[in-house]
Amino acid sequence: MSEPSHPNSGRITETVLILLLLLGLIYAMFTVLQAFFGVFTFAIIFAVSFAKPFERLVKFFGQRRKLAAVVYSILLIAIVAVPVIYMISSLSSHVRETIHWISSVRENGLPPLPDWIANLPFVGEDIKAFWQQLQDRPKEAVSAYEPQLRPVLHRVVTSGAGMVGVVLEFVAGIIVSAVFLVSGRKIMEPIDATLTYMFGKEDGNALIDATAEAVKSVAIGVMGTAFIAAIFSWAGFAIEGIPFALGLAAVVYFLVLIQLGPLIVFIPVVVWLAMQGHTGGAIFIGVWGVAVSIIDAVLKPVLIARSGKLPFLVLFLGVIGGLVAWGFTGMFKGAIILAVFYTIFNSWLQKTRKRETQISGDVGDN
């Protein structure tokens, strides 16, 4: 009686082993591809956002998709690379100025603290006391504040390294997105087939449309806000007569694009103007920088909401939650996740209502 159970137990063991092997392969594949998630995220963002302009470019070049992809890649990489090159050159010049300033301090000591800094509300007295300590006992002051300064320096270094990593992911994402765009709809065929098999043709197409809509809405909101912030920044720098106003505006565009904010540019400009003795200009640029930051915070959700067909609350919660959870790319991930969930839930709700309507109709007929 017990003999027939052996083949079944053997099949169960084989099934369990196959499942474990499959899970192991999936985990290994996840580990291998994890380093490229950021690149593929940027590639999808660029491919969805620039699909229509790319098709116009293809038409302009006489349906030569590869040539259009090369031009597309060069243009986008130039837009990303120019602010980065400017930042690197600016940092190198500032490093030279800092080295010269340190040499001057060693020979002549610290200069007196400007009155406008000493008279700042809330923090002016503390800065004045710290500056006085540096003038009187520089070694002791640095030793006393070293525990506070070390995390700040570490944060600056890691933020800079992270920014370089984001730029490299941007460039790689642009190149991969060009490959996606050259392929056209062919690259979507496996995804279309999978979603059609899992959810049916109508729901599968709805999920693809929702994903594309979420990416496009967030991209328009983020890139549009960055562009407007850059225009306002350039206007403020130009009014005040800041050198390299256009280059600084380009840096603002890039920093707003990766969600670091415009104040990273405005604060050093305010300090530089104050050290040059232009107190009025420093106040003006400081107020202008706060205004640009407010524009960045307010305009982004408005553009995201107006540029898509999905409900504002769905996109807004996805963007904010994703940004908190995963950083810059999280805005797109969060929006996609909530958009897909909303689409699936809405489809299920509509099918349930149709089923209830049919049942009530059948009962009424009987």
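Is Thr-225 buried or exposed, and what is its relative accessible area? Thr-225 is buried, with a relative accessible area of 0%. Here buried stands for under 20% relative accessible area, exposed for over 50%, and partly exposed for values in between, with a 1.4 Å probe and protein chains only.

The model is predicted: local features need pLDDT of at least 70, side-chain atom pairs count only at pLDDT 80 or more, and totals for chains, interfaces and linings use all residues. Residues are numbered from 1 along each chain as its sequence is written, and side-chain values use heavy atoms, with hydrogens and water left out.

The protein is built from 14 helices and zero strands. Helices (H or I, at least four residues) and strands (E, at least two) are DSSP runs, numbered from the N terminus. The order along the sequence is α-α-α-α-α-α-α-α-α-α-α-α-α-α. The protein has 366 residues, and 30% of them count as buried. Contact means heavy atoms within 4.5 Å. Among contacts with a separation of 6 or more, 67% join residues 24 or more positions apart.

The largest nonpolar core holds 50 residues. Such a core is a set of buried Ala, Val, Leu, Ile, Met, Phe, Trp, Tyr and Cys residues joined through side-chain atoms within 4.5 Å. Phe-46, Tyr-72 and Phe-237 touch the most other members. Helix α9 (residues 201–240) gives the most to this core, with ten residues.

Residues of helix α4 come next. Tyr-72 has contacts with Phe-46, Ala-47, Phe-50, Phe-54, Leu-57, Ile-174, Ser-177, Ala-178 and Leu-181, leaving out residues up to four places away in sequence. Ser-73 sits in helix α4 (residues 65–108). Ser-73 counts as buried because its relative accessibility is 11%. Beyond residues up to four places away, Ser-73 touches Ile-174 and Ala-178. Ala-69 is also found in helix α4. Its relative accessible area is 6%, so Ala-69 is buried. With residues up to four places away not counted, Ala-69 touches Phe-54, Ala-178 and Val-182. Ala-69 and Ala-178 lie 109 residues apart along the chain, yet their C-alpha atoms are separated by 5.2 Å.

The loop between α3 (51–60) and α4 contains Gln-63. Phi of Gln-63 is near 65°, a positive value in a residue other than glycine. Gln-63 is exposed, with a relative accessible area of 57%.

Several residues of helix α9 can be described in turn. Thr-225 is placed in this helix. Apart from neighbours within four places, Met-223 is in contact with Phe-46, Phe-50, Tyr-253 and Leu-257. Met-223 and Phe-254 are 31 residues apart in sequence, with 9.4 Å between their C-alpha atoms. Ala-206 is another residue of helix α9. Ala-206 is partly exposed, with a relative accessible area of 28%. The C-alpha atoms of Ala-206 and Leu-195 are separated by 9.7 Å, and the two residues are eleven apart along the chain.

Helix packing follows. Two packed helices are described by the angle between their axes and the distance between the axes. Axes are lines fitted to C-alpha atoms, for helices over the stretch in contact, and angles run from 0 to 180 degrees between N-to-C directions. The axes of α9 and helix α11 (residues 263–275) come within 12 Å and cross at roughly 10°. Therefore α9 is roughly parallel to α11, a term for angles under 35 degrees. In α9, Ser-233, Phe-237 and Glu-240 meet Val-265, Phe-266, Val-269 and Leu-273 of α11. This contact has five nonpolar, one polar and one charged residues. Ala, Val, Leu, Ile, Met, Phe, Trp, Tyr, Cys and Pro count as nonpolar, Asp, Glu, Lys and Arg as charged, and the others, Gly among them, as polar.

Helix α10 (residues 245–257) also packs on α11: the axes come within 9 Å and cross at roughly 145°. Leu-248, Val-251, Val-252 and Leu-255 in α10 meet Ile-264, Val-265, Phe-266 and Val-269 in α11. By class, that contact has eight nonpolar, no polar and no charged residues.

Definitions and conventions:
Parallel < 35°, antiparallel > 145°, perpendicular 65-115°, else oblique.
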